[in-house]
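Me: Take one part of this model and look at it closely. I want the sheet and the helices packed around it, with cut-offs spelled out.

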Amino acid sequence: MTNIVDTAIAAGNFKTLATALTAADLISTLQGPGPFTVFAPTDEAFAKIPKEKLDALLKDKAALTKVLTYHVVSGKVMAHDVKAGPCKTVQGDDIAVTVDNGKVKVDSANVTKTDIVADNGVIHVIDAVLMPK
């Protein structure tokens, strides 16, 4: 097994996320012991952000760190353990988790794939980039 970062990179559809984690110096954190639950936006999710806004975000380490850590929850939360309600992120704010007919959303993002297990946590794929309030 591999850690969360290597698992995401190997999947091939998280290139922008990997670039952002590198820019924010979060690679070593997410390669650490964890465990972490990461709601990982795909490259398509990042593509929904206007290019100028994404480029500016990638250059602003503090803002980028805030956005990226808003996608991470402490602990290993598998899909069958997900409960609707507020969930504290590593960034400090809560994300809103909703479950409707078996479909899970975090804030306004849909969870499109669950339980990609890494040796230091789990990845759930989402279709939008979450923005802290």
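Reply:
**The sheet and its helices**

Strand β1 (residues 36–41) pairs with β2 in the antiparallel sense, over 3 bridges. Two strands count as paired if DSSP finds at least two bridges between them. Helices (H or I, at least four residues) and strands (E, at least two) are DSSP runs, numbered from the N terminus. Val38 stands opposite Val72 in β2.

This is a predicted model: local features need pLDDT of at least 70, side-chain atom pairs count only at pLDDT 80 or more, and totals for chains, interfaces and linings use all residues. Residues are numbered from 1 along each chain as its sequence is written, and side-chain values use heavy atoms, leaving out hydrogens and water.

Now the whole sheet. It is open, has 7 strands and runs β2-β1-β7-β6-β5-β4-β3, with mixed pairing. β2 (72–74) and β3 (85–88) are at the edges with a single partner strand each, so one side of each lacks a neighbour in the sheet. On average, neighbouring strands are turned by 35 degrees against each other, direction ignored.

Helix α1 (residues 4–11) lies across β1, β6 (109–118) and β7 (121–126). It runs at about 35 degrees to β7. Axes are lines fitted to C-alpha atoms, for helices over the stretch in contact; angles run from 0 to 180 degrees between N-to-C directions. Contact means heavy atoms within 4.5 Å.

Elsewhere, helices α5 (residues 51–59) and α6 (residues 61–69) pack at about 105 degrees, their axes 5 Å apart. The contact uses Leu57, Leu58 and Lys59 of α5, and Lys61, Ala63, Leu64 and Val67 of α6.
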